[in-house]
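Below is a short briefing on one protein chain, arranged by topic. Please read it alongside the sequence and the coordinates.

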Amino acid sequence: RDCIMGALENRKECPYCRGPLTTDGVRKSVWHMRKIQALSVHCNNTNLGCTWTGELGSLDRHLDRCGFVEETCPLHIYGCSAVVCRNALAEHMGVCPVTK
């Protein structure tokens, strides 16, 4: 909804057929939202090695626990600039230059 409303601020026409359109003609379609949330997607971290695939509606839940999400070293406030995957964080902590 935010996307189409922003587009209508710039142009008062349908992005599909280019016919006249106002914000009064825009409404949410639950059916379309369900179809979109059911689309099959890959994890955002596929390039880092994650092999998860699932529905778009489950992606945020997956990312909350994905081991391939990149995180800054918890000791960055002491000068460590490392960015490592969650599943390698424990290993990094054992060799982190700040702890030496």
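Gly 57 is partly exposed in this predicted model, with a relative accessibility of 35% (buried is under 20% relative accessible area, exposed over 50%, partly exposed in between, with a 1.4 Å probe and protein chains only). This is a predicted model, in which local features need pLDDT of at least 70 and side-chain atom pairs count only at pLDDT 80 or more, while totals for chains, interfaces and linings use all residues. Residues are numbered from 1 along each chain as its sequence is written, and side-chain values use heavy atoms, with hydrogens and water left out.

- Gly 57 sits in the loop between strand S2 (53-55) and helix H3 (59-65); helices (H or I, at least four residues) and strands (E, at least two) are DSSP runs, numbered from the N terminus.

**Salt bridge**
- The count is one salt bridge, defined as a side-chain nitrogen of Lys or Arg within 4 Å of a carboxyl oxygen of Asp or Glu.
- Arg 86 pairs with Glu 71, and their closest N and O atoms are 2.6 Å apart.
- The pair links distant parts of the chain, 15 residues apart: Arg 86 is in the loop between strand S4 (83-85) and helix H4 (89-95), and Glu 71 is in strand S3 (residues 70-72).
- Arg 86 is partly exposed at 28% relative accessible area, and Glu 71 is partly exposed at 26%.

**Nonpolar cores**
- The largest nonpolar core has six residues: Cys 43, Cys 50, Leu 59, Leu 63, Cys 66 and Val 69 (a core is a set of buried Ala, Val, Leu, Ile, Met, Phe, Trp, Tyr and Cys residues joined through side-chain atoms within 4.5 Å).
- A second, separate core has five residues, among them Met 5, Leu 8, Cys 14 and Val 26.
- Leaving out residues up to four places away in sequence, Cys 43 touches Cys 50, Trp 52, Leu 59, His 62, Leu 63 and Cys 66, where contact means heavy atoms within 4.5 Å.

**His 92**
- His 92 belongs to helix H4 and is buried, at 10% relative accessibility.
- Contacts of His 92, not counting residues up to four places away in sequence, are Cys 73, Cys 80, Ala 82, Val 84 and Pro 97.
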